[in-house]
Amino acid sequence: MYDDTIAAVATAMGEGGIGIIRISGENALEILNKVFCSVKKQPVENRKLTYGFVEDNFTGEKIDEVMAVYMKAPHSYTAEDVVEIQCHGSIVSLRKIIALVLKNGARLAEPGEFTKRAFLNGRLDLSQAEAVIDLIRAKSDKTFDVALSQLEGSFSKKIKEIRADLVDILVNVTVNIDYPDEDIEVITYENLISGLENVKAKVDSLLATADTGRILREGLNIAIIGKPNVGKSSLMNALLRETRAIVTEIPGTTRDTIEEALTIRNIPVKLTDTAGIRHTDDVIEKIGIEKSKESFNKADLVIFMVDNGSPLDDEDREIIEYIGDRKVIVIINKTDLESKLERDKIEEKLPGAVFIEAAVAKDQGINIIEDEIENLVYGGQVKQNDSMMVTNVRHKALLEEASTALGDAASMAEAGEALEFLEIDASRAYELLGEIIGEAVNEDIINEVFARFCLGK
Amino acid sequence: MKFSPDSVWESRSIEKEEKMEHILMGEYDVIVVGAGHAGCEAALASARMGKKTLMFSINLEAVAMMPCNPSIGGTGKGHLVREIDALGGEMGKNIDKTFIQSKMLNTAKGPAVHSLRAQADKNKYHIEMKRTIENTPNLDMRQGEVTDIIVEDGKVCGVVTKTHTWYKAKAVILATGTFLAGKIFIGDSAFASGPNGLAPSNELAENLKKHGMKLRRFKTGTPARCLGSSLDYSKMEEQRGDEKIVPFSFMNDNIGDNKALCWLTYTNEETHRVIRENFHRSALFGGQIEGIGPRYCPSIEDKVNRFADKKRHQLFVEPEGLDTDEMYIQGMSSSLPEDVQLAFYKTIAGLENIRIVRPAYAIEYDCIDPQDLKLNLEYRTIENLFCAGQFNGSSGYEEAAAQGLMAGINAALKISGKNPFILGRDEAYIGVLIDDLVTKGTNEPYRIMTSRAEYRLVLRQDNADQRLTEKSYEIGLADETRYKKYLDKKESVEKEMVRLTEKTVSPSEVNAFLQAHGTSPVSGRVSFAELLKRPQITYEDLAEIDDETRPGLSYHEVTQLEVQIKYEGYIQKQLQQIARFKKLENRRLSEELNYSEIEGLRLEAAQKLNQIKPASVGQASRISGVSPADINVLLVYLEKKKRGN
C-alpha cells in the first residue's frame, strides 16, 4: 500500500448542487476526523453517511455544511481507506475544504491517480481501469453501457476465455514436442488448424466491433456537402431538432464551416456543414475550401445533397469527383419539385452510394436518413444488444496484431510446417492478448494509460 | 594459521571434551563435494581454468555413476549436453566414447527440437570419466565423506571429513545428489542409504542446517534391473538406433556404430490390477515418503493411479552395458514391495519369466530451495559456497552436469575476482535452466523441456558451439583446439552460405532435378540458396547439380547451414521476440534496492523480491508470486526515480 494519502475534488469545478472531495490512503479517516464535526458528535462509521460540518481545525472557522462517508479498505474505489466529503457545490467551499485537507497532511492527487491506485492495488485490471475513463467521457447511453460492461470485467473475461482456448492449443503442441517417446495422443494438424482458426475467429469477432466501438466513443464524423441553397442548413436543423446539444461555430475558421455535436438514435455524431470545394481565386474562400476538404477527409460518412429540381452542374460534378470512393449518402432533395436531375449519372460515378429521396424543408425523408446512419454504424447488421465492444484504440491494435499472428500460425499449420514454428506465432498472440488486460507486462502501457485520466478519478 | 582444528570444532559447537585432533590435509582453490555428473563437470571446469581443485566422493566407484536410466540426452536434455560440450565440458565427449546406441529424436518435427539421445555403457561411462579426471592437471580426487563445511564471517573456507581431517579452500561446491540424508523405500521397508546401495551422507545434512541452510526433501525412483537372458524379446518390438550416427561433441565427427538394441513392450490390465490391489503396500501411498517426486517421471503405481482410464503404459527395455546381461526397465519405477514388483513385472509380455537382480526403489534426499541461490549458483548467505545438481532441486544427469559446469566456472571466476558467467534465457538452455531454478524456484525435481525455452528456434542443438564456444574461450575454459574448430566451422558455413546465394542455375539446368525431387519447376534463374529453402531439397541433394567448387562439409556444418537457410524467416521472427524480451532484461535492478520501501507493492511481492534480489526487471517478472501489476508498480517506481521525484 502507498504510505501517502491523496485528495482531490472529484466533481466538476463550477457551480453545482453538491461538490465532492475524495481522499484516499492510510490517513484518510484521521484527516476527516480532524476537519469534520458530526452534528450528533458521533464518530464516523464505516459505509455510513454522516451529517455535520467542516471546521478549520487551525482557526476554528466553520467552512461548510456537509455529508461525510468513510469506506474502509479494501472495500472502496482504490481498495484503500477512502473518505468522501459532500459539500455545497460552490467553488469557494470546494477550494477551502481541499486546502484544509491538504494542510492536514494529504497530497493533491495527480490526474488519474485514484484509478491508478485501484489498478495497482489489484482492484481493477488494465482494461477495467481504461473503462473508467470511457465512462467519465461517455457522450451517449450506448457508449456508457459499453464502458460500464467493460468496467464490470466482461471484456476482460472474454479475453481470458480466448487466452484459455489458446493455452489448450499451446499445451498440446508442447507435449507433442517434449514427449516424442510417450504414447500420448499425437496432435493432428487438422485439429490444430481448426483450433487456431477458432481462436482467430473469436479475436476477429471482437475486432469487428472495433469500428462501431470507436464511433460510439469518439462520435461519428459526418460531412455535409452540396452547392449553396441545396438545403444543407435545413438538413442540419432537421437533424438537430430534438437532440440539439452544443452548437459551436469553430473559432478562427472561416465563415462557412459549422460543426454541430448531436446524437442520432443514441449515436454521438459530429456534423459538419462544409463550405464547398469549388475552385476559386478568392483568398478568403480558398481558406474555406481548405477547411472543407480537411473535415471532408476526416469524415466517416459524407452526405452529398443534390437538388432534384435542377440538372447536374459543374460544381456537382466537381464534388462527385472529390467524393471518389468514400462512404456516401446521396440525398436527392426537394422531391416536391419536378425532377430535372440525371440520377443515373450520379449512380454511375458513385456506385457504392445510398440514395435517399427527401424534402428536407418539409420534413420528408429525415427518418430514412437517420435509419441509414444507424445502419452504417452497426455495419448494416441488426443492432447489437451485446455491450461487448472494442472501444479502445490500444485494444484494437493489440487484437489486430494477435489476429495476424494467429492467422500466420494457422497458415503455417496448413503448409504442414513443424510445430515449433507455428508455436512462435501462437504464443505471441497469447502474449498480445495478455497485454490488453495487463497480464503481460509492457512497460510503455502504464504511464500512457494513466496520463489520460482526469483529476479526482 | 587462521583455521586451527580448534576453530573447526568451535564452528560445529561441539563440547570441548569431545574434541579430537583434526589434521589439515591440504589447501585448494576449489573443493567439490560429490563426484556425480554435477561434481565431475564442476571439478573439471575449475581445474581446466587453472584452479587447484579437489573432488570428494564417498566412494570412487560412484564417479559419474548412472544410478538410474542408462542413457544421456533426450528432448531438451540433448540440447544441454551440446551446450555443455560447446562450453568445454566433458559429458558430450564421454558419451561419444561410451555410447552403445544412438538416436536423433523428434526428426519428424523441425530442427529446433531435434534431440539426440544415446544409450550408454554405464560402467564404461564411469571408467572413462574417471580416467579423464585422473589425467587432468590441477585436479585431485579423494574417497572420503565430507561431514561439514567451515564458514567464517559468512564466507566458506574449507571442509571437514569423517576421518578427522580438514581441507582449506577458497571456494566449495556442493553437489551431493541423492546422497544427502538419502533414504530408500521398498514397500514397507525404509532405510538410510545413498543411491544404488552406497552409503548416505547424513552428518553433512545436519551441519548444513546449522550453517543456516534451509533443506527440504525431494524424492525420485528407479525401476528394477533384470537379466536379459530371462526375457522373451520375440514378444517385444525392436528399437534400433539411427543408421547415421550423430556425435554429441562438436569435437567429434565419426564415433562408430550402434552396438546394442532396445525393446518396447506394454503393461496391460492385469498389470494394473496387480498394482491397484497392492496400492496400500506402496511406500508412496502409505505416507512414509514425505519428499516430493517429479510429475513427469512418475512411478508405475502413480501412473496407474492417476491415469486410471489408460489401458496400457509403454516400457522400454534397455541394456545397462556391453559387459553385463543386466537390463533396465524404463518407465516402471516403483516403491512397491519386492513380491509385488515381481508379480506385476511377470504380467508383461516378454517379461513372464523375469529374473530381477536389483529391485526398484524410491529414494528421498535433502536439497535446497534454489531460490536461495544467485544466478551464478552461489549460495546467497554464504559467500564462495556454490551449489549444483540435484542438491539444487533438479533431476537428471544432464541438468546436473550443466549446473556443475556453471558452478565450477563461477567458483573459479569468483576467487579470481572476475565477473560471474551468466547465460541468458535467449542464449542457452543452461540459461533457462538456471534462471528457472533460481528465479521461479521449483516444487518438484526440475527437468528441462524444450518448451521451457521461449526462444528455442535460436537455441538449437546444431548451433550450440556458435552460441557459446567463444564466450567460454574468453573466460579461459574452452581450449585452443575447440576454439579453432569453432572458428573453422563458422567460416566454412559462412563461406558456403555466400557461395549458395551467388551460385545460380537456369531452368534448363535445374528443372529435371526439381521434378525428380517432387517439387515445381522454375521459369527463371534461381540460386542454390533459394532451392535449398524448398522443403523437398536437402543440401545433400544439391550435390547432384553442383560442381567442383562444392566444399566437403562436416555433419555439424551441413546441419547449421541448412537450418539457417531453410528457416531464415522464422529465425528473424524469433530474434525480434528476443529484442522485445531484452528490453526488460536490460532494465537492471540494484541489489541495494529495498522492495519494502516501494509504495504500492504487495507485501508478498516485496518479500519475494527482497529474497531473490533479481538482477533485472525481466528476472523480477518471472518470480512466482510477483504479478504483472507488481511489475507495473516497480516500473512506475523506477520511472519516478529516473525523473528525480
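**View 1. Strand 13 and strand 17 of chain B are joined by 3 bridges.** In this predicted model, strand 13 covers residues 225-227 and strand 17 covers residues 326-330, and the two run antiparallel. One facing pair can be picked out here: Leu227(B) is opposite Glu326(B), a residue of strand 17 of chain B. Strands of a sheet pair through backbone hydrogen bonds, either parallel or antiparallel.

**View 2. Chain B is divided into domain 1, domain 2, domain 3 and domain 4.** Domain 1 is made of two stretches, 23-220 and 365-474. Domain 2 spans 225-363, domain 3 spans 490-569 and domain 4 spans 587-643. Between the C-alpha centres of domain 3 and domain 4 of chain B the distance is 50 Å.

**View 3. Chain B and chain A meet in a contact with 29 residues from chain B and 22 residues from chain A.** On the side of chain B that touches chain A, helix 19 (568-585) and helix 22 (628-643) of chain B supply at least two residues each. Helix 22 of chain B gives the most to this side, with 8 residues. Sorted by class, the side of chain B that touches chain A holds 13 nonpolar, 11 polar and 5 charged residues.

Technical notes
Residues are numbered from 1 along each chain as its sequence is written. Chains are lettered from A and ligands numbered from 1 in the order in which they are written. This is a predicted model: local features need pLDDT of at least 70, side-chain atom pairs count only at pLDDT 80 or more; totals for chains, interfaces and linings use all residues. Two strands pair if DSSP finds at least two bridges between them. Helices (H or I, at least four residues) and strands (E, at least two) are DSSP runs, numbered from the N terminus. Two residues are in contact if their C-beta atoms, placed from the backbone, lie within 7 Å. Ala, Val, Leu, Ile, Met, Phe, Trp, Tyr, Cys and Pro count as nonpolar, Asp, Glu, Lys and Arg as charged, and the others, Gly among them, as polar. Domain bounds come from an automatic or database domain assignment.
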